[in-house]
Amino acid sequence: MQPRNMSMSGVVDLAAVKAASEARQKAEARPQAGPGSRDAAAGARLVFDVTEAGFEADVLQRSAEVPVVIDFWAEWCGPCKQLGPVLERLAAEYAGRFVLAKVDVDANQMLAQQFGIQGIPAVMAVVGGQLVPLFQGASPEAQIRQVLDQLIEVAETQFGIVGAPVEPGEGAAAAPEAPQDPVLAAAHDALDRGDLGGAIQAYRNVLSDRPGDAEAKLGLAQAELLQRVQGLDAQAVRREAAEKPSDPRAQIAAADLDMVGGHVEDAFSRLVDTVRRTVGEDRDAVRVRLLELFEVIGADDPRVVAARTALARVLF
């Protein structure tokens, strides 16, 4: 793992990010919630949210003291919800050897663009003001640990940066969590552990008692998507989809990969186009999969609304 200088062409320009952050801070001009107070709050936590306005203080400046891992995510992204809790738990376990900054790409589109984010979840790090790309997608925990260990070694040996250890619980937020539905909590925990079969069964159990439970529907759709792509050869799937544009099976598999990679519009448009090309049972199979992918995002998402309109034009 080698750091990439952020002033090089084609990677994130530190000066540009800093300038954008300063401009946003001045424009918003919020004295009670300015960058100084946010930096102090971030300094007390191992896991924290980052915005474009606070990026310089929370990430760039702090990277001189501790490796800052950045998790680019979005609320609609199923794999993000699988990866996020793992990263947060590891941040607590590593106890200050790195900190975790979470960036909502929908709320911070300019920041995602500056980092060249093409799909989510995407994980990068900043060490001593330099970018260290880590990985993309919901990787297994064992691989994530290896990457983090390499990052910490790079920070120590090449930059002389050693994160300050904290006592267990010191970096945790003090606010109590709202009580959770124990059945849903068990399903979520199974999903976080990567026990997709267990999560699917648990969500189905919830829906058998409460068919209208929106949270269970979302969790089930995400778990089923992740289970479908397990073991797929992504390169072979995409090659087959390119060679067989009218093959519903090939296009459905490629759409699942698009979705897991965070390419939501690509997945939707792929299946809408396939519905247009097919008839009978093939068409119905593609339509059903498209509706299942809508559940992964949620009915109110504007991309789902747009894709529903496009699907209606094709069908009627």
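Modeller: The buried residues of helix α7 are covered by parts of the chain that include α4 (78-94), α8 (196-209) and α9 (214-229); here buried means under 20% relative accessible area, exposed means over 50%, and partly exposed is in between (1.4 Å probe, protein chains only). Helices (H or I, at least four residues) and strands (E, at least two) are DSSP runs, numbered from the N terminus. This is a predicted model, in which local features need pLDDT of at least 70 and side-chain atom pairs count only at pLDDT 80 or more, while totals for chains, interfaces and linings use all residues. Residues are numbered from 1 along each chain as its sequence is written, and side-chain values use heavy atoms, with hydrogens and water left out.

The residues of α7 that are buried are Leu184, Ala185, Ala187, Ala190 and Leu191. Ala186, which also belongs to α7, counts as partly exposed because its relative accessible area is 43%. The C-alpha atom of Ala186 is 9.2 Å from that of Gly198, a residue twelve places away along the chain.

After α7 comes Gly194, with a positive phi near 85°.

With 14 residues, α8 reaches 20 Å from its first C-alpha to its last, close to the expected 20 Å. Its buried residues are Leu196, Ala199, Ile200, Ala202, Tyr203, Val206 and Leu207. Viewed down the axis of α8, these fall within an arc of 165°, so they line one face of the helix; the arc is that of the directions from the helix axis to the C-beta atoms. On the face of α8 turned away from that buried side are the exposed residues Ser208 and Asp209.

Another helix in the cover of α7 is α4, and the loop between α4 and β3 (99-104) holds Ala95. Although Ala95 is not a glycine, its phi is positive, at about 55°, and its relative accessibility of 21% is why it counts as partly exposed.

The structure has one disulfide, a disulfide being a pair of cysteine sulfur atoms within 2.5 Å. Cys77 and Cys80 are the residues joined, with an S to S distance of 2.4 Å. The torsion about their S-S bond is about 80°, so the disulfide is right-handed. Cys77 is buried because its relative accessible area is 1%, and Cys80 also counts as buried, at 5% relative accessibility.

Turning to the whole chain, there are 14 helices and five strands, and buried residues make up 45% of its 316 residues. Contact means heavy atoms within 4.5 Å, and residues 24 or more positions apart account for 67% of the contacts with a separation of 6 or more.

A nonpolar core is a set of buried Ala, Val, Leu, Ile, Met, Phe, Trp, Tyr and Cys residues joined through side-chain atoms within 4.5 Å. The largest one has 71 residues, and Val59, Phe72, Phe115, Ile120, Met259, Phe268 and Leu293 have the most contacts inside it. Leaving aside neighbours within four places in sequence, Leu293 touches several residues, among them Leu225, Met259, Phe268 and Leu271. A second, separate core of 22 residues includes Val69, Leu90, Val132 and Leu148.

Finally, some care is needed with confidence, since pLDDT, the predictor's confidence in each residue, runs from 0 to 100. The chain averages 79, and 81% of the residues score at least 70. Over residues 2-44 the pLDDT is below 50, and this stretch has 66 contacts in the model beyond near neighbours in sequence. Residues 170-178 are also below 50, and that stretch has four such contacts.

Terms used:
Expected span 1.5 Å × (residues − 1).
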